[in-house]
Amino acid sequence: MSIDFILLAPTAFQVFKAGESNPEKAKRIVYGQATSDANGIATLYFTENGLANGNPLLTTIDYTVSSVYSTNPSISARPRVQMREKNITAKFVSANVTNNSSVVVLGISVLGSENPMNGILIDFMILGSFDSSTNQL
């Protein structure tokens with residue numbers, strides 16, 4: 001088994017099967033971060049330059065996950081991230097970031113209003129495959 005790290009924006013790491021010197025397909029894990037905008041949307045382009053016009057790091061997506069970081073003291077409740085979209089053709093994944101305002105009564109959390117959150121850092125991790133004959137890095 002061979003493991004390669006690709007230090008780009010976003011970062012990718014890929015695994016090749018043992019005994020295959022030139023595999024047609026390989027698994028690749030792409031990691032990146034994005035910040036939510038005024039509409040509460042954080043978008044990560046999983047391309048070799050991290051931009052919408054870059055070459056894609058994946059040709060198929062098997063799994064996508066996102067998580068949120070917030071050290072902002074003005075955000076009283078921990079924001080929630082809901083995966084909204086993943087699109088291999090447009091080379092991006094996005095998450096809808098909302099703030100959970102809740103009221104706790106007798107240990108029962110009652111969800112209240114949800115408002116879009118701006119400036120929240122989102123981690124993305126995408127597992128997928130790429131066609132090595134068309135995607136050389």
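Biologist: Which residue does Lys27 form a salt bridge with, and how far apart are the closest N and O atoms?

Modeller: The partner is Asp62, with 2.4 Å between the closest N and O atoms. Bear in mind that this is a predicted model.

Biologist: Where do Lys27 and Asp62 sit in the chain?

Modeller: Lys27 belongs to strand E3 and Asp62 to strand E5, so the pair links distant parts of the chain, 35 residues apart.

Biologist: And are those two buried, exposed or partly exposed?

Modeller: Lys27 has 39% relative accessibility, so it counts as partly exposed. Asp62 is partly exposed as well, at 41%.

Biologist: How many salt bridges are there by this rule?

Modeller: The count is 2. Glu85 forms a salt bridge with Arg84, and there the closest N and O atoms are 3.6 Å apart. Glu85 has a relative accessible area of 29%, which means partly exposed, and Arg84 is partly exposed at 45%.

Biologist: Changing topic: what does Ser94 contact, leaving aside neighbours within four places in sequence?

Modeller: Its contacts are Ile41, Ala42, Thr43, Met83, Arg84, Glu85 and Phe124. So Arg84 and Glu85, the salt-bridge pair, turn up here too. Ser94 itself is in strand E7.

Biologist: Is Ser94 buried or exposed?

Modeller: Buried, because its relative accessibility is 0% and the cut-off is under 20%.

Biologist: How far is the C-alpha of Ser94 from that of Ala42?

Modeller: They are separated by 5.6 Å, although the two residues are 52 apart along the chain.

Biologist: OK, Thr64 next. What is in contact with Thr64, again skipping the neighbours within four places?

Modeller: Met83, Lys86, Val93, Met125 and Ile126. Thr64 is in strand E5, and at 14% relative accessibility it counts as buried.

Biologist: Now the largest nonpolar core. Which residues touch the most other members?

Modeller: Val30, Phe46, Ile122, Phe124 and Ile126, out of 18 residues in that core. The elements giving two or more residues to the core are strands E3 (25–35), E4 (41–45), E5 (60–69), E7 (92–105) and E9 (121–131).

Biologist: What's the overall make-up in helices and strands?

Modeller: The chain has 0 helices and 9 strands. Of its 137 residues, 35% count as buried. Among contacts with a separation of 6 or more, 60% are between residues 24 or more positions apart.

Biologist: Last thing, confidence. What is the mean pLDDT of the chain?

Modeller: The mean is 75, and 62% of the residues reach 70 or more.

Notes:
Residues are numbered from 1 along each chain as its sequence is written. This is a predicted model: local features need pLDDT of at least 70, side-chain atom pairs count only at pLDDT 80 or more; totals for chains, interfaces and linings use all residues. Side-chain values use heavy atoms; hydrogens and water are left out. A nonpolar core is a set of buried Ala, Val, Leu, Ile, Met, Phe, Trp, Tyr and Cys residues joined through side-chain atoms within 4.5 Å. Buried means under 20% relative accessible area, exposed over 50%, partly exposed in between (1.4 Å probe, protein chains only). Helices (H or I, at least four residues) and strands (E, at least two) are DSSP runs, numbered from the N terminus. Contact means heavy atoms within 4.5 Å. A salt bridge is a side-chain nitrogen of Lys or Arg within 4 Å of a carboxyl oxygen of Asp or Glu. pLDDT is the predictor's confidence in each residue, from 0 to 100.
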